[in-house]
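Welcome! Here are a few exercises to work through with the model in view. Try each task before reading its solution.

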Amino acid sequence: MELSLSSPHSASLPLFYSHKSILLPTILNSNPKSIDFPSKTLFRRHNYKAQSSSSHTLLDDDDGFFLEDVPHLTDFLPDLPAYPNPLKNSQAYAVVKETFVRPEVAVAQNIVVQRDSPRGVHFRRAGPREKVYFKPEEVRACVVTCGGLCPGINTVIREIVCGLNYMYGVDDILGIEGGYKGFYSRNTLNLTPKVVNDIHKRGGTFIRTSRGGHDTHKIVDNIQDRGINQVYIIEVMAPKRSSSIHEEVERRCLQVAVAGIPKTIDNDIAVIDKSFGFDTAVEEAQRAINAAHVEAESVENGVGIVKLMGRYSGFIAMYATLASRDVDCCLIPESQFFLEGSGGLFEYIEERIKENGHMVIVIAEGAGQEYVSQSMGAVDERDRDASGNRLLLDVGLWLSEKIKDHFTNIHKTINMKYIDPTYMIRAIPSNASDNIYCTLLAHSAVHGAMAGYTGFTVGQVNSRHAYIPIARVTETNTVKLTDRTWARVLASTNQPTFTEVIGSFQGISSG
């Protein structure tokens, strides 16, 4: 069966159709090439608990093809007119063999499959469409940045502005200053290609940011009052924040496209290959690791500890360790460790110093928090910052003190060097690789909004850019300890896995 993924907004449906299901025999007896599927739910994946009410899935029952689609403005504005895409007349795009992404093109979530396995989950391929649902002269777009800093934010801002202006001829673009609360408590900034020309060379965010301040009704009221019809949100995608704006826009039947560019330096977003700024963070982390290594090997019994970002996942610590090759131990939130006893961290440090005269430890900020809270006073799990993140204690400082106390107790001298480069890494401009990635993300978001898609995020899936339902990118991605990448870390550092002893301890306690 051949499945058309074309936008179904003008197609008629069999009388058997309902929003929950469609009778497959009716489809199979029809000409499949002529069928356009509706953009309401046909088949929901029952194992997908985080799915939002506005996302939907299409199924080809013959070969297990799933399309996790994103909302479109015509879902709630069915009479919305479409216009030819201005890129048809673009000199730059004239050289492209296929300027517009065909509606049946999708990106597979998994590309390593068995010969007889189902085709699996797919997402709409990002890129320009043949028809757009906004006249460029009627577009008033806005860009807002929320949450913490990471490399590349300014590049995304720049390329949204330049993409709208150069590709689609949009001149009216606003920067919302100071995060979500800027919608209703601050002034806006007019953004033009000239204004944002060189901001990609700077760290931070040109339009400033803040945590918290999300009030859906106030935000949408402001969007409506200002006549904004395209909203570009650069933030860590959270369902209660990002999707709620789109849902309120839909409830009010406003012609407003809401596009998200997911932001987190930790690279802990599910589905996508990586988050922007991650490559820059790993590269900059090398400076801190190299400094710790130089300090440690320049003194007798030197121990260098570097704390890197990674609240819930240890991707930065893991990849920085692999890239450095100077690290002797990498500790991440996904992998438990213990200090004392046979096979513990203290024993490994003693062996390493005896063998090499020094050692370097990289630890992610979220690792070992259960031990830190026991030693330094428990942090209530309900304690959160304004963005909703769990508050963490300084595990690097705690580990440094524990190691010094241990060697004092066994009457040995060590030279401890502790480095925390967190804010240095967050504040730098993005490197060349991230600049290119940020450009593609921004342009994909612009193409999607102009094509009428809304309530979506953009991301790279298996090296191809796709439009993804917001609920999917709010799932947390973590390091899989059974994968080869973590095995490479263990092979590089020769550190203990800690798993066998922890497993025996858990077995005793549970028995």
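A residue counts as buried when its relative accessible area is under 20%, as exposed when that area is over 50%, and as partly exposed in between. Keep in mind that this is a predicted model.

**Exercise 1. Lys 307 and its partner**

Task: Decide whether Lys 307 is buried or exposed, then find which residue forms a salt bridge with Lys 307.

Solution: 
- Step 1. The relative accessibility of Lys 307 is 10%, so this residue counts as buried.
- Step 2. Its salt bridge partner is Asp 394, and the closest N and O atoms are 3.4 Å apart.
- Step 3. Lys 307 belongs to strand S12 (residues 302–308), while Asp 394 sits in the loop between helix H9 (369–376) and helix H10 (395–409); the pair links distant parts of the chain, 87 residues apart.
- Step 4. Asp 394 has a relative accessibility of 25%, so it counts as partly exposed.

**Exercise 2. Two further salt bridges**

Task: Among the 20 salt bridges of the structure, look at Glu 68 with Arg 472 and at Glu 177 with Arg 208. What parts of the chain does each pair tie together?

Solution: 
- Step 1. Between Glu 68 and Arg 472, the closest N and O atoms are 2.8 Å apart.
- Step 2. Glu 68 counts as buried at 1% relative accessibility, and Arg 472 counts as buried at 6%.
- Step 3. For Glu 177 and Arg 208, the closest N and O atoms are 3.5 Å apart.
- Step 4. Glu 177 is in the loop between strand S8 (172–176) and helix H3 (182–185), and Arg 208 is in the loop between strand S9 (188–190) and helix H4 (216–226), so the pair ties together parts that are 31 residues apart in sequence.
- Step 5. Glu 177 is buried, with a relative accessible area of 16%, whereas Arg 208 is partly exposed, with 42%.

**Exercise 3. The surroundings of Phe 183**

Task: Locate Phe 183 and work out which residues it touches.

Solution: 
- Step 1. Phe 183 is found in helix H3.
- Step 2. Its relative accessibility is 1%, so Phe 183 counts as buried.
- Step 3. Leaving aside residues up to four places away in sequence, Phe 183 touches Cys 142, Val 144, Ile 176, Ile 219, Asn 222, Ile 223, Arg 226 and Val 231.
- Step 4. Take Cys 142 from that list: it is 41 residues from Phe 183 along the chain, and their C-alpha atoms are separated by 9.9 Å.

**Exercise 4. A pocket and the nonpolar cores**

Task: Describe the lining of the second largest pocket, then say how many residues the largest nonpolar core has.

Solution: 
- Step 1. The second largest pocket holds about 800 Å³ of space.
- Step 2. Its lining has 27 residues, and Ile 272, Asp 273, Asn 477, Lys 480 and Asp 483 lie nearest its centre.
- Step 3. By type, the lining of this pocket divides into eleven nonpolar, eight polar and eight charged residues.
- Step 4. H14 provides the largest share of the lining, four residues.
- Step 5. Turning to the cores, the largest nonpolar core has 77 residues, and those with the most contacts inside it are Ile 160, Leu 164, Tyr 232, Ile 261 and Phe 276.
- Step 6. Helix H2 (residues 153–168) gives the largest share of this core, nine residues.

Notes. Residues numbered from 1 in each chain as written. Predicted model: local features only at pLDDT ≥ 70, side-chain atom pairs only at ≥ 80, totals over all residues. Heavy atoms only, no water. Salt bridge = Lys/Arg side-chain N within 4 Å of Asp/Glu carboxyl O. Buried < 20%, exposed > 50% of the residue type's maximum accessible area, 1.4 Å probe, protein only. Helix = DSSP H or I, 4+ residues; strand = E, 2+ residues; numbered from the N terminus. Contact = heavy atoms within 4.5 Å. 1 Å grid on protein atoms, 1.4 Å probe; cavity = no way out; pocket = protein on both sides within 12 Å on 5 of 7 lines; lining within 4 Å. Points joined across faces, edges and corners; volume = space filled by probe spheres on them. Nonpolar A, V, L, I, M, F, W, Y, C, P; charged D, E, K, R; others polar. Core = buried A, V, L, I, M, F, W, Y, C linked by side-chain atoms within 4.5 Å.
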